[in-house]
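These are my notebook entries on a structure that I looked through one place at a time. Each entry records what I looked up and what I found.

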Amino acid sequence: MANTREVKEIAKRIKRDVIQLTSKNTGHPGGAIGAADIIAELYFNRLHHRPSHPDWEDRDRFVLSNGHICTALYSAMARSGYFPIEELWTFRKLNSRLQGHPSRIDLPGLETSAGPLGQGLSIANGMALAHRLRGSDAKIYCLVGDGEIQEGQVWESAMTAAHHHLDQIALIVSWNDIQIDGHVKDVMNIEPIAEKFKAFGWHTIEIDGNKVNEIKNAFDQFEQNTGAPTAIIAKTVIGKDVSFMEDEAIWHGKAPSAEEATRALEEIGTCSFGTDLITKEEY
Amino acid sequence: MTKAKSGRDGFGKALLELGEKNQNVVALCADLAESVRVEAFANKYPERYFQIGISEQDMIGTASGLALSNYIPFATTYAVFAAQRANEQIRLAACYNQANVKIAVSHAGLTCGEDGATHQALEDIASMRVMPEMTVIVPADENEAYEATKASVEWIGPIYLRLGRTPVPIVTNDTSPFQIGKARTLKNGTDVSIFACGIMVERALQAREQLASEGINASVINIHTIKPLDKETIINEVQHTDCVVTAEEHSIIGGLGGAISELLAEEHPVPVHKVGTQDTFGESASPEELLEKYGLTAAKIVTACKEALGQKEQNLKRVRS
């Protein structure tokens with residue numbers, strides 16, 4: 001279990017990993033950094049899981065729907081013991097288990113493959129129905145991007161979750177107002193988000209998704225909710241704590257150069273949790 | 001041949017029995033419970049039945065989530081709404097995840113009938129066959145649909161089970177065990193091999209009788225599993241005849257005919273003539289009228305066999321000269 005201060009520190013480690021991994025390769029740093037606080041809380045405080053036994057049937061499940069931010073997930077998984085930290089360097093390389101978008105078959109511990117947007121909540125719903133059939137009260141946490149909810153399937157699955165009273169589901173919308181072509185409100189407005197979920201029969205909670213205490217409170221509240229699924233509308237900042245990345249659409253899918261990475265790591269700051277990734281050349 | 005029920009009836013009967021035998025079998029439907037014959041299961045096992053409403057993409061994802069949690073879900077709708085409407089969900093959530101999802105679809109092909117072209121899937125075998133990890137089964141009749149449904153639960157991985165709406169006579173010999181991926185040779189022959197699936201198996205048998213009356217000896221092989229294709233049986237068979245006709249209630253592009261052409265082009269090149277729809281949509285009419293108009297008839301198979309035999313003869317002449 002990790003307290004607020006510890007989760008913040010772990011989130012910092014995830015952000016540093018994301019910068020290091022994407023700058024050595026390609027990938028999507030912005031959204032991953034923006035969601036680092038949420039993922040840190042999940043993997044180091046919230047989920048009942050067993051990294052050494054990823055198939056444990058009664059585990060809580062984390063379904064990453066916006067698969068492109070997988071560097072944050074890979075970091076959390078490696079740092080919590082699913083696979084060796086050095087393996088992070090294989091990200092996006094030939095024969096790697098760490099595919100550019102998550103591949104469940106390749107990497108035990110991933111609940112689903114993801115990438116094509118809008119599918120995660122449907123899969124989470126199926127897992128929730130399975131838990132119910134099995135008599136398990138394990139939770140399902142599903143993370144979606146805000147642009148992602150432009151996909152019609154998200155609303156199909158939102159109906160399904162409410163209709164079947166899947167109160168063990170928490171859907172976290174990482175609302176950074178950025179998608180590839182610009183600000184979400186300009187590309188295709190999705191607001192008001194909470195009102196939409198309310199109208200679909202969901203419990204809703206609105207938080208600052210980069211404030212760990214607010215994330216903790218939201219999950220605490222979710223665990224008490226009954227009768228309907230919970231949507232946590234988490235206002236996040238793309239590239240949070242890296243000044244030149246914040247609120248810039250370009251950082252959805254652009255890898256930082258070596259110079260930019262150095263600057264980003266300086267701005268994120270040193271971290272007392274774990275140690276920095278060391279490149280093979282530096283061994 | 002006895003007058004019997006449709007493929008979907010065989011599916012519904014098997015699903016009901018599976019519900020009793022296997023507590024992990026669950027079913028999902030997108031607002032077509034009676035039509036796809038899942039209603040009996042829903043009534044008997046309501047806790048294991050999930051109505052998803054008119055949202056097939058969501059249904060495939062939900063089914064995959066159940067499969068990834070060790071249940072064996074049957075996701076049911078019409079062929080067009082699964083193979084085509086939810087194509088990318090089948091690709092990611094079912095196939096790329098290697099989720100143990102059984103996609104059982106009714107109203108495939110022209111025999112969907114009066115509903116017209118919008119509802120007549122004639123491209124679904126092609127679009128499902130190209131998916132890595134996917135198994136594609138097209139039962140010939142009620143019996144085979146029943147057997148295929150039972151067998152699909154023992155098979156690990158996603159399956160596309162293509163069922164028809166219209167009753168067809170029983171043509172499969174239920175004493176030979178059904179095995180996924182193992183073709184059923186219904187009649188031996190020496191001149192030409194007819195590979196058929198679905199409702200065209202019956203028509204292939206009729207064509208064989210017509211050909212026999214004209215002194216042509218055709219074999220009829222029921223290729224109920226389009227993928228994985230039973231290469232061994234097909235190649236062994238073609239080594240005897242060197243001449244092939246395929247027959248399917250589907251486009252001649254990418255379906256059974258496509259699969260067999262791909263195989264034989266590499267392994268044993270011989271004339272392959274394909275009976276199926278000619279790169280076209282269907283239309284509204286009775287099933288029988290449509291099969292006639294679009295050339296899915298025994299007569300058309302007979303013609304195709306003669307054409308293929310003619311080509312075989314020409315090829316032989318070319319070799320001799």
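I began with Asn95(A), which lies in the loop between helix H4 (70-80) and H5 of chain A. The model is a predicted one, and I read every value below with that in mind. I looked up the backbone angle of Asn95(A) and found a phi near 70°, a positive value in a residue other than glycine.

I then turned to chain B for another case. Glu133(B) sits in the loop between H6 and strand S5 (135-137) of chain B. Glu133(B) is not a glycine, yet its phi is positive, at about 80°.

Next I examined helix H5 (residues 120-134) of chain A. How far apart should the ends of its 15 residues be? At 1.5 Å a residue the helix should span 21 Å, and the end C-alpha atoms are 21 Å apart, so the two values agree. I also checked how covered H5(A) is: twelve of its 15 residues are buried. Among them are Gly120(A), Leu121(A), Met127(A) and His131(A). Just after H5(A), I found Gly135(A) with a positive phi of about 80°.

Peptide bonds came next, since most of them are trans. I recorded a cis bond between Glu191(A) and Pro192(A), with omega about -5°. Pro192(A) belongs to the loop between H7 and H8 of chain A. A cis bond also joins Lys227(B) to Pro228(B), where omega is about 0°. Pro228(B) is placed in the loop between strand S10 (225-227) and helix H9 (231-241) of chain B.

Ile190(A) is in the loop between helix H7 (184-187) and helix H8 (193-199) of chain A. Is Ile190(A) buried or exposed? Its relative accessibility is 5%, so Ile190(A) counts as buried. Leaving out residues up to four places away in sequence, I listed its contacts as Asp146(A), Ile149(A), Gln150(A), Val184(A) and Lys196(A).

Among the residues it touches are Ala83(B), Ile90(B), Met134(B) and Tyr160(B), with residues up to four places away in sequence not counted. I also compared positions: Met128(B) and Ile226(B) are 98 residues apart along the chain, and their C-alpha atoms are separated by 9.9 Å.

My last entry concerns the place where the two chains meet. The contact takes 28 residues from chain A and 25 residues from chain B. About 2200 Å² is buried between the chains, and carbon and sulfur atoms give 55% of that area. On the chain B side, Asp58(B), Leu92(B) and Tyr96(B) lose the most area, together 23% of what that side buries.

I then looked at one pair of helices across this contact. Helix H6 (residues 152-163) of chain A packs with helix H3 (residues 56-67) of chain B at an angle of about 65°, and the axes are 9 Å apart. Their crossing is right-handed. From H6(A), Gln153(A), Glu156(A), Ser157(A) and Thr160(A) meet Glu56(B), Gln57(B) and Asp58(B) of H3(B). By class, I recorded no nonpolar, four polar and three charged residues in this contact.

How values were computed: Residues are numbered from 1 along each chain as its sequence is written. Chains are lettered from A and ligands numbered from 1 in the order in which they are written. This is a predicted model: local features need pLDDT of at least 70, side-chain atom pairs count only at pLDDT 80 or more; totals for chains, interfaces and linings use all residues. Side-chain values use heavy atoms; hydrogens and water are left out. Helices (H or I, at least four residues) and strands (E, at least two) are DSSP runs, numbered from the N terminus. The expected span of a helix is 1.5 Å times one less than its number of residues. Buried means under 20% relative accessible area, exposed over 50%, partly exposed in between (1.4 Å probe, protein chains only). Axes are lines fitted to C-alpha atoms, for helices over the stretch in contact, and angles run from 0 to 180 degrees between N-to-C directions. A crossing is left-handed if the near helix is turned anticlockwise from the far one by less than a right angle, and right-handed if clockwise. Contact means heavy atoms within 4.5 Å. Ala, Val, Leu, Ile, Met, Phe, Trp, Tyr, Cys and Pro count as nonpolar, Asp, Glu, Lys and Arg as charged, and the others, Gly among them, as polar. Buried area is the accessible area (1.4 Å probe) that two parts lose on being put together, summed over both.
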